Amino acid sequence: MTAKEFIETLKIIGQDYSGEIPKREIFSLAKEYQQIPVIEVVKLLKDKNDNHRLGAVSILDWKARNKKISEKEKKEIYRAYIDNHSWIDNWGLVDRSAPYVIGGYLHNKDKKELYDLAKSKNPMERRTAIVSTYYFIRKNEIEDTFSIAEILVNDEDEYVQKAVGSWIREAGKRDEDKLKKFLNKHAERMPRITLRYAIEKFDKETREYFLNLKNQKR
């Protein structure tokens, strides 16, 4: 299996569509190519074609989800993502792969690199930092989500703002009191879009309470 073969196969699949190739087709092909060497995945990742890069991160995701994968292979996948992050340059690529590729690898390990990403000048690296914690949330571990959100709570990038709001909301499903405590501390100054994403699942009265905290700043 090679990057060139993936590209050629995707080109054949594309002949069945008059417009864009549906993402489900790319994800499905990526699953078939999950045994491709990581060095070939990196070639795809460095391609200027958006579909090829989506295919690359999807392959990394499928690899990371494979329960038979070795710790050495997990590290190789992790490093392929981190070392080539400049090519993972939009929120769709981050969200498709960060939870299992980054979060899955760092689970039960030192998470310093995750916090370093949260302080990066690159907004997609900052998004990776918070999105990766979704893996921890699934394991009922939410401390890192709120700790990284604390770093990013006043981020100026829209895609980071949305991610922070979304992921603290998800963490709040595990511990609503912790989410409310976080919002009581930050709602007044956090970006409005972050707040709206965070309170989305609350009842009307609770949503209005936190929105009023935000409005008091005016």
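I began with Y33, which counts as buried at 9% relative accessibility. My cut-offs: buried means under 20% relative accessible area, exposed over 50%, and partly exposed in between (1.4 Å probe, protein chains only).

A note on the source: this is a predicted model, where local features need pLDDT of at least 70, side-chain atom pairs count only at pLDDT 80 or more, and totals for chains, interfaces and linings use all residues. Residues are numbered from 1 along each chain as its sequence is written, and side-chain values use heavy atoms, with hydrogens and water left out.

Next I looked up ring pairs. Rings of Phe, Tyr and Trp (its six-membered ring) pair if their centres lie within 6.5 Å; planes under 30 degrees apart count as stacked, over 60 as edge-to-face and the rest as tilted. I got 7 aromatic pairs by this rule. F6 and Y33 are edge-to-face, because their ring centres are 5.3 Å apart and their planes stand at 85°. The two residues are 27 apart in the chain: F6 is in helix α1 (residues 3–14), and Y33 is in the loop between α2 (23–32) and α3 (38–45). Helices here are DSSP runs (H or I, at least four residues), numbered from the N terminus. F6 is buried, at 0% relative accessible area.

Then I checked Y209 and F210. Their pair is edge-to-face, with 4.8 Å between centres and 70° between planes. Is each one buried or partly exposed? Y209 is partly exposed at 42%, whereas F210 is buried at 1%.

Last, I looked for charges over rings (NZ of Lys or CZ of Arg within 6 Å of the ring centre and within 35 degrees of the ring normal). R65 has its charged end over the ring of Y100, 4.0 Å from the centre. K111 has its charged end over the ring of F136, at 5.1 Å.
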